[in-house]
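Dear colleague,

I am passing on the structure below, and my notes on its fold and surface follow. Please read them alongside the coordinates.

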Amino acid sequence: MGALLLCAPVQAQTCDPGHVDLRGDWGQARFSVEVADDPGERALGLMNRDSLPVSHGMLFLFETPQSVSFWMKNTLIPLDMLFLQADGTVARVHSNAVPHDLTPIPGGPDIQAVLEINGGLAQRFGIEEGTVLRHPDLDQSIAAWPCAPAD
């Protein structure tokens with residue numbers, strides 16, 4: 001099913017800040033992302049948007065690994081949240097977060113990044129704990145799936 005999001009094999013594509021690549025036993029996928037890497041951007045997230053294209057998401061990056069918790073206040077669309085360790089490995093998947101719900105969604109300890117995508121996509125593609133994500137803003141020296149050096 002991952003082929004829906006791919007124009008070319010992920011291996012052949014280069015890393016860039018506007019995309020994340022995911023791979024696991026289920027296959028590979030690429031999402032266009034907006035990066036939220038400061039407190040203001042992280043606080044706003046995907047609030048007040050009435051849609052999100054299927055191949056898009058938002059990547060929240062934190063300065064250091066930490067315990068994080070999200071909620072869906074003012075979020076109008078259901079989202080899947082992929083909580084990532086510093087090496088880009090998915091530590092937890094929260095599926096179909098409910099719009100407007102104020103219940104905290106904990107990611108667990110030592111979370112470096114969170115990828116939010118449309119609700120239901122993680123299950124549809126088989127994205128689960130152990131899936132790896134690559135993005136140039138992750139520490140490439142420890143990345144489970146590092147970006148290839150530029151030619």
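Two strands are taken to pair if DSSP finds at least two bridges between them, and the elements themselves are DSSP runs numbered from the N terminus, with helices being H or I of at least four residues and strands E of at least two. This is a predicted model, in which local features need pLDDT of at least 70 and side-chain atom pairs count only at pLDDT 80 or more, whereas totals for chains, interfaces and linings use all residues. Residues are numbered from 1 along each chain as its sequence is written, and side-chain values use heavy atoms, leaving out hydrogens and water.

On these terms, strand β4 (residues 79-84) and β6 are antiparallel and share six bridges, with Asp80 having Ile117 as its bridge partner in β6. Strand β3 (residues 56-70) is also antiparallel to β6, through nine bridges, and here Phe70 is partnered by Ile105 of β6. Strand β6 itself (residues 105-118) is mostly covered, since ten of its 14 residues are buried, buried meaning under 20% relative accessible area with a 1.4 Å probe, counting protein chains only.

The chain as a whole has two helices and seven strands, in the order β-β-α-β-β-β-β-α-β from the N terminus. Its radius of gyration is 14 Å, close to the 15 Å that the globule rule gives for 151 residues, so the chain is as compact as a globular protein of that length; the radius is taken over C-alpha atoms, and the rule is 2.2 Å times the number of residues to the power 0.38. Buried residues make up 42% of the 151.

Best regards

Terms used:
Buried < 20%, exposed > 50% of the residue type's maximum accessible area, 1.4 Å probe, protein only.
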